[in-house]
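Reader: Can you walk me through this one? I'm new to reading structures.
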Amino acid sequence: MHSGQAEDRPIWQPLGEIQFEETPCPICHSDNGVLRYTKNILGYQMKYYICSQCRALYANPRASSDSLKKIYASADFFEGGEPGGEHLNYFDFIGGEKYLRKTARDRISRIQLYCKSGKMLEGASAAGFFLAEAKTAGFEVTGVEISAPMAEYASKRWSVDVIPESIEQISLPEQKYDVIATWGLMTIVRDPIALIRKFHQSLKPGGIWAFNTYYHDGWWPKLFGSRWQILVVNFSQIYTKKLILEIVRQEGFRLLSRRRDYPHTDLLKVADQMSWNFSAPWLARLIRSSRISNLIIRVPLPDVMEYIWQKV
Ligand SMILES: [Zn+2]
């Protein structure tokens with residue numbers, strides 16, 4: 001028996017056919033959108049619109065909630081083949097453990113400027129790297145992860161509670177948490193306003209919500225158009241710099257800090273992303289065959305900010 005050991009791997013499920021559903025703007029529910037990007041991903045013809053009312057960028061049609069569960073339970077999503085090749089999202093998520101844990105430690109130290117310890121919930125906890133580091137830093141952690149294979153992997157490996165469900169579909173206890181953290185979540189949730197409300201209710205008075213998210217009104221997407229790497233099949237919406245501030249404030253949060261997201265990564269991952277952006281798979285192959293492919297570096301993301309908020 002190797003239960004709880006690092007060599008245990010998630011038990012992935014077959015992906016099958018992804019189903020799509022029509023949607024209005026997920027933020028303001030306006031039907032009035034202007035087509036901005038189209039993109040073919042593994043045979044799926046994706047369309048992305050700018051909402052004429054709130055300026056959010058959203059996918060329509062978008063993957064249905066049932067299909068999302070299948071996407072996140074599949075190897076196709078988390079370890080889909082070659083870096084730089086055509087894949088749904090990650091070529092090897094768990095392989096990024098070293099740099100993802102470094103990034104987690106940085107984020108926890110910033111959260112601890114406002115809250116040193118207590119009950120922490122992480123929405124979309126994936127392989128549990130952040131949960132593990134938060135636990136080490138003294139937090140009492142719970143994860144929620146829509147990917148059943150990842151939830152089980154993380155729970156076993158780090159001996160933490162991980163609820164295998166969509167953060168959007170579970171109800172959370174009221175005024176329970178000192179901190180809620182969500183990394184990479186705000187572009188993929190189907191009803192952002194309902195989720196923000198739920199987090200507000202579930203935090204104690206003065207509680208902290210830390211997250212990062214993309215914005216589409218910068219120079220980076222203008223440079224890459226439909227090749228912009230965040231336009232993936234599981235994507236739902238991207239905010240403008242102003243819109244994300246407005247909707248979170250409106251639900252009763254006060255902004256404590258806002259900074260450029262500056263995560264650790266390695267050269268191979270950077271090459272994978274650049275291969276997408278430039279349609280240049282040779283770039284990832286070149287880096288992969290080099291001796292520096294696992295060199296860890298910090299990269300300021302040109303299209304992502306990190307936010308720390310306090311429940312008012
Ligand atoms: Zn809208």
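This is a predicted model: local features need pLDDT of at least 70, side-chain atom pairs count only at pLDDT 80 or more; totals for chains, interfaces and linings use all residues.

Reader: Go back to S8. Do S7 and S8 run parallel or antiparallel?
Author: Parallel. Three bridges join S8 to strand S7, residues 139–144. Look for Gly143, which stands opposite Val162 in S8.

Reader: How many bridges pair S6 and S7?
Author: Six, again in the parallel sense. Strand S6 covers residues 118–123. Lys119 has Glu140 in S7 as its bridge partner.

Reader: What does the chain cross through from S6 to S7?
Author: Helix H4, residues 129–136. The β-α-β crossover is right-handed. Helix H5 (residues 148–158) also sits in a right-handed β-α-β unit, with S7 and S8.

Reader: New topic. Which residues touch the most other members of the largest nonpolar core?
Author: Ala56 and Trp209. That core has 81 residues. Strand S10 (residues 203–214) gives the largest share, six residues.

Reader: What does Trp209 touch?
Author: Ile180, Phe199, Leu203, Phe253 and Trp309. That leaves out residues up to four places away in sequence.

Reader: What about a second core?
Author: There is a separate one of five residues. Leu268, Ala271, Ala284 and Ile287 are among them.

Reader: Now the helix. Which residues of H8 are buried?
Author: Leu243, Ile244 and Val248. Helix H8 itself is residues 241–250.

Reader: Why are they on the same side of H8?
Author: Because they cover an arc of only 120° around the axis. As background, an α-helix has 3.6 residues a turn, so residues three or four places apart point the same way.

Reader: And which residues are exposed on the other side?
Author: Lys241, Lys242, Glu246 and Gln250.

Reader: What do the buried ones pack against?
Author: Helix H6 (192–202), S10, S12 and strand S15 (304–311).

Reader: What comes just after H8?
Author: Gly252, with a positive phi of about 100°.

Definitions and conventions. Residues are numbered from 1 along each chain as its sequence is written. Two strands pair if DSSP finds at least two bridges between them. Helices (H or I, at least four residues) and strands (E, at least two) are DSSP runs, numbered from the N terminus. A crossover is right-handed if, with the strands pointing away from the viewer, the path from the first strand over the helix to the second runs clockwise. A nonpolar core is a set of buried Ala, Val, Leu, Ile, Met, Phe, Trp, Tyr and Cys residues joined through C-beta atoms within 7 Å. A residue is buried if 20 or more other C-beta atoms lie within 10 Å of its own, exposed if 12 or fewer, and partly exposed in between; C-beta atoms are placed from the backbone. Two residues are in contact if their C-beta atoms, placed from the backbone, lie within 7 Å. The arc is that of the directions from the helix axis to the C-beta atoms.
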